[in-house]
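I'm opening my notebook on this one. I'll jot down what I looked up, entry by entry.

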Amino acid sequence: MPKDYTNTSFKDFENIGGQDVFTTAAEFQEYLNYLKANGHLNYRIESLSPVGPEMDLMLPGHSKPTRSVCLVSNDYLGFSQHSKIKEAVINATAQFGTGSGASPAIGGHFSYHAELEKMIAGFYQKEEAILYTTGYTANSATLQCLLHKEDLAILDMAVHASVYEGVLTTTVKTFLHNNLEMLEQVLRNAQAQYRTKMVIIDGVYSQDGDLAPIDRIAELTHRYGAYLVVDDAHGIGVVGEHGRGVIELFNAFDQVDIITGTFSKALGNIGGYVVAKPEIINYLKYQSKQHLFSTTATPAILGITRAIELVDEEPQWRTQLWDNINYLKNGLTGLGLDIGTTASAVIPVKIGDIPKTLEAGRLLLAAGIYTNPIMYPAVSKKNARIRMNVMATHTRAHLDQVLNAFDMINSQLQIAKSE
Ligand code: PMP
């Protein structure tokens with residue numbers, strides 16, 4: 001009899017006790033085959049065209065690419081395709097070549113790294129920053145370097161996986177997402193027991209698109225003698241009048257002790273950064289192993305320097321993005337769908353049931369719309385959803401196509417919120 005995978009998720013194959021990992025991998029392969037056979041393996045879909053609001057996708061079982069409307073990219077401002085940024089990257093490559101040749105302490109630190117460090121620090125009204133090769137390591141490596149088992153990391157439960165990885169060797173307590181009473185309780189109970197206490201939150205949360213009330217969290221954190229770390233990966237370039245993210249929205253530049261983020265989303269490139277007091281940054285430069293022992297970013301990061309300038313020079317992209325966000329949100333709520341409390345370019349349509357979510361993802365793809373079905377373990381089992389990322393370069397026609405597809409799927413699967 002074929003296995004029933006109805007409620008199975010990737011998590012079920014993560015670390016099976018008493019079983020050789022090659023056996024686990026073989027069982028996982030069977031699950032992947034099952035998903036594929038049912039048209040539900042909508043991951044790692046190959047695109048043959050550049051990042052954009054439309055892409056040519058090699059869909060499972062197809063021999064030719066399909067042009068689809070895409071809501072899967074974090075390239076919120078469309079900067080990965082901006083002609084001025086491409087020009088900066090081409091010039092940087094012509095001048096400096098394709099690689100940096102060494103890790104930073106021993107020959108891999110160049111003027112283009114120093115320039116970007118200065119630029120991103122200044123963007124947040126600070127003096128110093130350190131670069132990492134991904135946003136993921138900016139979080140995981142920094143926390144791993146600064147916190148140990150005598151210390152306490154206090155996490156909002158919904159922070160990114162990279163934060164969880166960064167705190168594997170320290171003491172960890174979590175609080176329910178954005179629940180300040182619970183945060184205060186954890187802070188109160190932790191007084192004087194730990195060496196360093198850090199509260200770690202996201203600015204924009206990557207699954208719900210909602211925001212952290214940074215001002216109130218900062219006040220609480222400091223009242224109890226802890227430090228505040230904010231990862232604003234999805235806020236930079238998008239949120240705040242000048243695109244400085246959630247920290248700008250709450251005017252909390254002086255209240256956040258450590259800012260982390262990524263160049264891979266609105267800034268259209270790759271890499272991560274940490275902005276903090278000079279002494280913390282200098283400590284990381286010489287003590288954070290993933291920075292110290294890893295080759296620095298390529299000269300193409302001069303595209304990021306240009307992108308940061310364009311956040312100020314061309315605010316029209318942000319205006320256009322917000323027009324699109326508001327249009328899509330209004331359309332989805334008009335259809336009776338549950339989009340939660342998003343206040344960013346991340347828009348979920350909450351369905352709450354894994355098989356229905358997978359089926360909605362399949363039907364959307366069949367209708368020419370590429371979105372991400374998100375399930376456990378990324379979100380809890382009852383919180384399965386379709387997640388979309390809006391771009392400044394989506395047209396009204398793209399968004400209308402999305403709304404029509406959701407209307408059709410709702411009549412087929414009844415995914416609207418029950419009152
Ligand atoms: N933080 C958050 C909140 C994210 O969503 C992501 C990307 N998914 C990261 C960090 C990691 O950034 P990067 O993709 O640059 O490694």
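This is a predicted model: local features need pLDDT of at least 70, side-chain atom pairs count only at pLDDT 80 or more; totals for chains, interfaces and linings use all residues.

**Entry 1: the ligand**

I started at Thr262, where an N or O atom of the side chain sits 2.6 Å from an oxygen atom of the ligand. I call that a polar contact, meaning a pair of N or O atoms within 3.5 Å. His234 has one too: 2.7 Å separates an N or O atom of its side chain from a ligand oxygen. For Lys265, a polar side-chain atom is 3.1 Å from a nitrogen atom of the ligand. How much of the ligand's accessible area does the protein cover? I got 82% of the 390 Å² that the ligand has on its own, with areas from the Shrake-Rupley method and a 1.4 Å probe. I also looked up who surrounds the ligand: 13 residues do, and the closest are Tyr136, Asp231, His234, Thr262 and Lys265.

**Entry 2: ground rules**

Residues are numbered from 1 along each chain as its sequence is written, and side-chain values use heavy atoms, with hydrogens and water left out.

Helices (H or I, at least four residues) and strands (E, at least two) are DSSP runs, numbered from the N terminus.

**Entry 3: helix H3**

Next I went to H3, residues 111–123. Which residues of H3 are buried? I found Tyr112, His113, Leu116, Glu117, Ile120, Ala121 and Phe123; buried means under 20% relative accessible area, exposed over 50%, partly exposed in between (1.4 Å probe, protein chains only). Down the axis of H3 they fall within an arc of 165 degrees, so they line one face of the helix. The arc is taken from the directions from the helix axis to the C-beta atoms. They pack against helices H2, H9 and H11 and strands S4 and S10, with contact meaning heavy atoms within 4.5 Å. Just past H3, I spotted Gln125 with a positive phi of about 60 degrees.

**Entry 4: helix H12**

H12 covers residues 316–334. Its buried residues are Arg318, Leu321, Asn324, Ile325, Leu328, Lys329, Gly331 and Leu332. Their arc around the axis is only 165 degrees, which puts them on the same side of H12. I checked the other side and found Asn330 and Gly334 exposed. The cover over the buried residues includes H11, S11, S14 and H14.

Conventions
The expected span of a helix is 1.5 Å times one less than its number of residues. A residue is near a molecule or strand if one of its heavy atoms lies within 4 Å of it. A polar contact is a pair of N or O atoms within 3.5 Å; within protein, one must be able to donate a hydrogen and the other to accept it, and residues adjacent in sequence count only if both atoms are side-chain atoms.
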